[in-house]
Amino acid sequence: MPPAESRSSEAAAESAASSVVTPAKKNLLDFDLPMLEQELASLGEKPFRARQILKWVYHQHVHDFSEMSNISLKLRSELSARYTIALPQIMTQQTSEDGTRKWLLALSGGNAVEVVYIPEPSRGTLCISSQVGCMLNCTFCSTATQGFSRNLSTGEIVGQVLTAARELGHCNADRKITNVVFMGMGEPLLNPDNVFPAIRLLLEDLALGFAARRVTVSTAGLVPGIDQLKEVADVSLAVSLHGAENTLRTELVPLNKKYPIAELLAACRRYLAGKARARITFEYTLIEGVNDHPEHARSLIRLLRQVPSKLNLIPFNPFPGTDYQRSTPQRIATFQKIIQEAGVVATLRRTRGDDIDAACGQLVGRVKDRTRRQERHQTRLLAKGVATPDGGPNRRALEVST
Ligand code: SAH
């Protein structure tokens, strides 16, 4: 029997989720502009109605059809009968000493995902999730320890942006969120049916209106997905590399076995074809003694020269039960220097929001795991003596290991 506190938060999640989803009604946030035009055509309405509705929802933040005053009363009541505008509900929110904010959002089925907002002097980045959990099993990522539950719907993806925008007091004159990155939970290119309409809504002027280069899809290297994405939008592409040779990369990112480095680089080149000045961002998590040797930096340089790119180095963020450690500042500095001296742009991602576990690879959410990976991880944690009785992350263990 779980302790009372966790029982009540479970109950809150279930009740929040049940108020989010009304099975008989469709969530209007699931529709991009072409899809909404089609829906309205099936109601005998003209396409421009779809544009009016998107503006109400995304520009005016009106979520009650009865308030959409330029729409006929008849259509308003028809819309209310058929659709809902369902945003995820906030279960918890935290603010870091550095201003980073994190929300845990309740989704249907007892699941929840975390969304992180990272303010910087010149921009504000929102890190969103595309799946509850992940199927890819990258060895250095805490999401992998939680298994996989399901894909997020389009409405749940744009709902993360709308919720964060509302909480930040978003208005068009003062854009708090300037960039959106798919770097939360999940592999976005394994959920194309929902991620692609969400991207269209992010870019659509009548909806969220982001410039394409300010939306970044981060992938572990799903080659067919990269080719599909190119057909959808001209968004920025980040590729999680972490190793420049196949043996090392396969150890860290098992997907590399299916799509090895040469194929991945070819897909990156296809993605950039015809785009002036565009570059791929390669992400490289620095793990002590695993991929942070000067020799690794040199093979990385050879790889980076094959594609217009820049490198984003991420110091590994530990999580309970991991055997990996973050590279020392000295090692990180040497690694970055070798890359930069070769004339390659290499930035170091500052760890943000680590007092609230909001850094890369630390987002946990709540995954109603269907893969038994979470269970196996809990067993390993217990064997190491780092699990708490309710199965949640052991805070002390995390602090000691950082
Ligand atoms: N599936 C996608 C997006 C999610 S991960 C992808 O693989 O790109 C987002 C970024 O965080 C990736 O670059 C990932 O490799 C990195 N990351 C994951 N776990 C991490 C950890 N423990 N420490 C630092 N970075 C991590």
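User: What does contact mean here, and which residues does S327 touch beyond its neighbours within four places in sequence?
Analyst: Contact means heavy atoms within 4.5 Å. This is a predicted model, in which local features need pLDDT of at least 70 and side-chain atom pairs count only at pLDDT 80 or more, while totals for chains, interfaces and linings use all residues. Residues are numbered from 1 along each chain as its sequence is written, and side-chain values use heavy atoms, with hydrogens and water left out. Leaving aside neighbours within four places in sequence, S327 is in contact with L286, I287, E288, D292 and I332.

User: Is S327 buried or exposed?
Analyst: S327 lies in the loop between β13 (309-315) and α11 (329-341). Buried means under 20% relative accessible area, exposed means over 50%, and partly exposed is in between (1.4 Å probe, protein chains only). The relative accessible area of S327 is 3%, so S327 is buried.

User: Which side chain makes a polar contact with the side chain of S327?
Analyst: A polar contact is a pair of N or O atoms within 3.5 Å; within protein, one must be able to donate a hydrogen and the other to accept it, and residues adjacent in sequence count only if both atoms are side-chain atoms. A polar atom of the S327 side chain lies 3.4 Å from the backbone nitrogen of I287. The side-chain partner, at 2.9 Å, is D292.

User: How far is the backbone oxygen of R213 from a polar atom of the side chain of S236?
Analyst: S236 lies in strand β11 (residues 236-240). S236 and R213 are 23 residues apart along the chain, yet their C-alpha atoms are separated by 5.1 Å. From the R213 backbone oxygen to a polar atom of the S236 side chain, the distance is 2.8 Å.

User: What counts as the accessibility class of S236?
Analyst: Beyond neighbours within four places in sequence, S236 is in contact with A212, R213, V215, T216 and V217. The relative accessibility of S236 is 22%, so S236 counts as partly exposed.

User: Why are α2 and α3 oblique to each other?
Analyst: Helix α2 (residues 33-42) and helix α3 (residues 48-59) pack with their axes 8 Å apart. Axes are lines fitted to C-alpha atoms, for helices over the stretch in contact, and angles run from 0 to 180 degrees between N-to-C directions. Under 35 degrees counts as roughly parallel, over 145 as roughly antiparallel, 65 to 115 as roughly perpendicular, and the rest as oblique. The two helices are therefore oblique, at an angle of about 120°.

Definitions and conventions:
Helices (H or I, at least four residues) and strands (E, at least two) are DSSP runs, numbered from the N terminus.
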